[in-house]
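Please read it alongside the sequence and the structure.

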Amino acid sequence: MAKRLSVLSGTVLIAVLVQTGVGRTQTISYADAATLLAKECGADVKKFCKGLNLGNGRIQNCLAQHQAKVSPACTSTMADVIASIQLRLAAQASVDKICARDAARACRGVVPGKAHILGCLLKATRIVGAKCSQAITDAGWR
């Protein structure tokens, strides 16, 4: 049952991510996001969306239709998780640009490719600047 709720919550999260704005908060892993959503929204999904198939935003739409009845904890957790995941996605998309100068300085001779440069930057903690370091952390790669 917990595994099913995790999958369900993950699906809700992904569907909601596509339709919401970006907030600034700490990032969270997808597994932790699914766990939080299962914990805080599982009862609402079970109560209001029973029998719905996963995918195509069905659960998200269902919760939106019952927005006035959805628990405040679910609503708050959903907003926090969405903001965090979006920050993570934005960080993942921008690490290369933010860290380009640090990579050029600290990773000379490293074979090009994201994983190689990232590995170099993770090892070169004394050389990597604060912005690059934070971007790597926000991306969930540390």
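When the bonded cysteines of the protein chain are numbered in sequence order, they pair as 1-4, 2-3, 5-8 and 6-7. The model is a predicted one, and it contains four disulfides.

**Disulfide Cys 49–Cys 62**

- The sulfur atoms of Cys 49 and Cys 62 are 2.1 Å apart, and the two residues form a disulfide.
- Cys 49 is located in the loop between helix 2 (30-48) and helix 3 (58-65), while Cys 62 belongs to helix 3, so the bond ties together parts that are 13 residues apart in sequence.
- The disulfide is left-handed because the torsion about its S-S bond is about -100°.
- Cys 49 has a relative accessible area of 3% and is therefore buried.
- Cys 62, with a relative accessible area of 4%, is likewise buried.

**Disulfide Cys 99–Cys 132**

- Cys 99 and Cys 132 form a disulfide in which the sulfur atoms are 2.1 Å apart.
- The pair ties together parts that are 33 residues apart in sequence, because Cys 99 lies in the loop between helix 4 (72-98) and helix 5 (100-106) and Cys 132 lies in helix 7 (residues 130-138).
- A torsion of about 110° about the S-S bond of Cys 99 and Cys 132 means that this disulfide is right-handed.
- Cys 99 and Cys 132 are both buried.

**Disulfide Cys 107–Cys 120**

- Cys 107 is joined to Cys 120 by a disulfide, with an S to S distance of 2.0 Å.
- Distant parts of the chain are linked here: Cys 107 is in the loop between helix 5 and helix 6 (114-123), and Cys 120 is in helix 6, 13 residues apart.
- The value about the S-S bond of Cys 107 and Cys 120 is -105°, and the link is left-handed.
- Both cysteines of the pair, Cys 107 and Cys 120, are buried.

**Nonpolar cores**

- In soluble globular proteins, nonpolar side chains tend to be buried together.
- The largest nonpolar core has 16 residues, of which Cys 49, Leu 63 and Met 78 touch the most other members.
- Helix 2, helix 3 and helix 4 are the elements that contribute two or more residues to this core.

**Salt bridge Asp 102–Arg 105**

- The structure has one salt bridge.
- Asp 102 and Arg 105 form a salt bridge, and their closest N and O atoms are 2.6 Å apart.
- Both residues, Asp 102 and Arg 105, are in helix 5, three residues apart, which is about one turn of the helix.
- Asp 102 is buried because its relative accessible area is 9%, under the 20% cut-off.
- Arg 105 has a relative accessible area of 42% and is therefore partly exposed.

**Gln 86**

- Gln 86 is placed in helix 4.
- With a relative accessible area of 8%, Gln 86 is buried.
- The C-alpha atoms of Gln 86 and Ala 139 are separated by 10.0 Å, and these residues are 53 residues apart along the chain.

Conventions
Residues are numbered from 1 along each chain as its sequence is written. This is a predicted model: local features need pLDDT of at least 70, side-chain atom pairs count only at pLDDT 80 or more; totals for chains, interfaces and linings use all residues. Side-chain values use heavy atoms; hydrogens and water are left out. A disulfide is a pair of cysteine sulfur atoms within 2.5 Å. Helices (H or I, at least four residues) and strands (E, at least two) are DSSP runs, numbered from the N terminus. Buried means under 20% relative accessible area, exposed over 50%, partly exposed in between (1.4 Å probe, protein chains only). A nonpolar core is a set of buried Ala, Val, Leu, Ile, Met, Phe, Trp, Tyr and Cys residues joined through side-chain atoms within 4.5 Å. A salt bridge is a side-chain nitrogen of Lys or Arg within 4 Å of a carboxyl oxygen of Asp or Glu.
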